[in-house]
Amino acid sequence: MKINLIFFSLFFLIVLSSCDKDQELDKSIFIADSDNPGLPIYSEYGLNTFGVLYDREPLINSELSLPSKVVCTEGKTSFYLRGHKGDPDYYYYNGSKDPMALIFDFGNFIPETVYSLTVLNDTVINLKDPLCNVTLMVDTAKFKLSVMSGTIHFKKAQKLFVDMAPYEVILSGTFEFQALVNGEPKNFSEGRFDVGIAPDNFYKY
């Protein structure tokens, strides 16, 4: 609890000391997990990070690219987590030869605005549900996964206010699943995300 309070205080000290709050809130802050150093810690402060072990190899976001977005279209909402495979040493390197993304599709869920995403607070979604799909994107190639088991848990979905006005929704949670990728069983474990969704990375059409 004390460690979490330190991280929370450090993050908001950075934000408040900045002249340009918007820029600071859009940055990614990677703090290594002590139990899984290749992954970021689980947090709920809008650190704009995500990570998962893809068959025991870290898949994390790059500090230089937008880690997440939400797209609402064709009767579904898609939650994107973008990154690359590799160790945290390459966290600041944007030229990874393995750019990847996980895309979670949720059918029959269309939020009215970005701030409507708060309805996801403390929601567990079974990824085997027929209304859910998971896609793995490697560079520009997309692979629709056949999920054998797994869930995604939106532990927190909370509005962040700046100067008394809503700025974004922070989505924080965990996920894990097993799936067939191109016919081969793969394991996605220890997944976690803590990302800000604002009007500029929320799309509805």
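Helices and strands here are DSSP runs, numbered from the N terminus: helices are H or I runs of at least four residues, and strands are E runs of at least two. What you're looking at is a predicted model, where local features need pLDDT of at least 70 and side-chain atom pairs count only at pLDDT 80 or more, while totals for chains, interfaces and linings use all residues. Residues are numbered from 1 along each chain as its sequence is written, and side-chain values use heavy atoms, with hydrogens and water left out.

Let's begin inside. Picture a 1 Å grid over the protein atoms alone: a cavity is a set of points where a 1.4 Å probe fits but cannot get out, whereas a pocket is an open set with protein on both sides within 12 Å along at least five of seven lines; lining residues have an atom within 4 Å of a point. Grid points are joined across faces, edges and corners, and a volume is the space filled by probe spheres set on the points. Counting cavities of 30 Å³ or more, you get one. The largest cavity has a volume of about 30 Å³. Around it sit P40, I41, Y42, S43, T49, F50, R192, F193 and D194. Which elements give two or more residues to this lining? They are β1 and β11, and β11 supplies the largest share, three residues. Sorted by class, the lining has five nonpolar, two polar and two charged residues. (Ala, Val, Leu, Ile, Met, Phe, Trp, Tyr, Cys and Pro count as nonpolar, Asp, Glu, Lys and Arg as charged, and the others, Gly among them, as polar.)

Now zoom in on S43, one of those lining residues. You'll find S43 in the loop between α2 (21-26) and β1 (49-54). Is S43 buried or exposed? S43 is buried, because its relative accessible area is 3% (buried means under 20%, exposed over 50%, partly exposed in between, with a 1.4 Å probe and protein chains only). Leaving out residues up to four places away in sequence, S43 touches S172, F193 and D194, where contact means heavy atoms within 4.5 Å. With D194, the side chain of S43 also makes a polar contact of 2.6 Å. (A polar contact is a pair of N or O atoms within 3.5 Å; within protein, one must be able to donate a hydrogen and the other to accept it, and residues adjacent in sequence count only if both atoms are side-chain atoms.)

Next come the charged pairs. A salt bridge is a side-chain nitrogen of Lys or Arg within 4 Å of a carboxyl oxygen of Asp or Glu, and the count comes to seven. One of them joins D55 and K186, with the closest N and O atoms 3.6 Å apart. This pair links distant parts of the chain, 131 residues apart: D55 is in the loop between β1 and β2 (57-60), and K186 is in strand β11 (residues 184-197). D55 is partly exposed at 36%, while K186 counts as buried at 19% relative accessibility.

Another salt bridge pairs K85 with E57, at 3.7 Å between the closest N and O atoms. K85 belongs to strand β4 (residues 76-85) and E57 to strand β2, 28 residues apart.
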